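Here is a short tour for anyone who likes to know a protein residue by residue. Have the structure open while you read.

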Amino acid sequence: METEKKSTVLLVDDDSIMRSVLRIILKSEGYLNINEASNGADAIAQCLRLKPDLVLLDINMPKMTGLQALDGILQASPTSLVLMVSAQSSEDKVTEALKKGAVGFVVKPITAANVLAKIESCLRRKTSP
């Protein structure tokens, strides 16, 4: 395992197994400050409280889609980077997410290498001057 990483990460997905997989991937790389939300409304509330460095956000969720929650997440925590993680990777969904402020997109099914590469790329962007 690498050294402990201080970034706060919020995993937002209605599928608890997907959240668990992402948590395992992040922990394997030294991320320890990992939080979870199962829907968009909870994600917005947690962003208000936690101000996470990075949010991994699914699109297809009940009550409030990830695309609907994206605006609220960025209003609640303007410095958070949002990386979409979804099987819904049509060009219009990706374009909409990027226009709304997401910094990237990972297509499900995921691989640890792909997710970690995108996360590291996003966090480097946040720490760059």
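The loop between β5 (104–107) and α5 (112–127) is where proline 109 is found. A cis peptide bond, with omega of about 0°, joins this proline to lysine 108. Please keep in mind that this is a predicted model.

Lysine 51 is not a glycine, yet its phi is positive, at about 50°. You will find lysine 51 in the loop between α2 (40–50) and β3 (54–57), and its relative accessible area of 40% makes it partly exposed. Lysine 63 also has a positive phi, near 75°, and is likewise a residue other than glycine. Its place is the loop between β3 and α3 (66–76). Is lysine 63 buried or exposed? Lysine 63 counts as exposed, because its relative accessibility of 82% is over the 50% cut-off.

Moving on to the strands, β4 (residues 81–86) pairs with β5 in the parallel sense, over four bridges. To get from β4 to β5, the chain passes through helix α4 (residues 91–100), and this β-α-β crossover is right-handed. Within this pairing, serine 86 stands opposite valine 107 in β5.

**Salt bridges**

The count of salt bridges comes to seven. Among them are these:

| Glutamate 29 | Lysine 5 | 4.0 Å |

Which residues form a network of salt bridges? Lys5, Glu29 and Glu120 are linked in this way. Lysine 5 sits in strand β1 (residues 5–12), while glutamate 29 lies in the loop between α1 (16–28) and β2 (31–37), 24 residues apart from it in the chain. The other partner, glutamate 120, belongs to helix α5 and is 115 residues apart from lysine 5. Lysine 5 counts as buried because its relative accessibility of 16% falls under the 20% cut-off.

The bridge between glutamate 36 and arginine 23 connects strand β2 with helix α1, so it ties together parts that are 13 residues apart in sequence. Glutamate 36 is partly exposed at 27% relative accessible area, and arginine 23 is partly exposed at 22%.

How values were computed
Residues numbered from 1 in each chain as written. Predicted model: local features only at pLDDT ≥ 70, side-chain atom pairs only at ≥ 80, totals over all residues. Heavy atoms only, no water. Helix = DSSP H or I, 4+ residues; strand = E, 2+ residues; numbered from the N terminus. Buried < 20%, exposed > 50% of the residue type's maximum accessible area, 1.4 Å probe, protein only. Pairing = 2+ DSSP bridges. Right-handed = clockwise from strand over helix to strand, strands pointing away. Salt bridge = Lys/Arg side-chain N within 4 Å of Asp/Glu carboxyl O.
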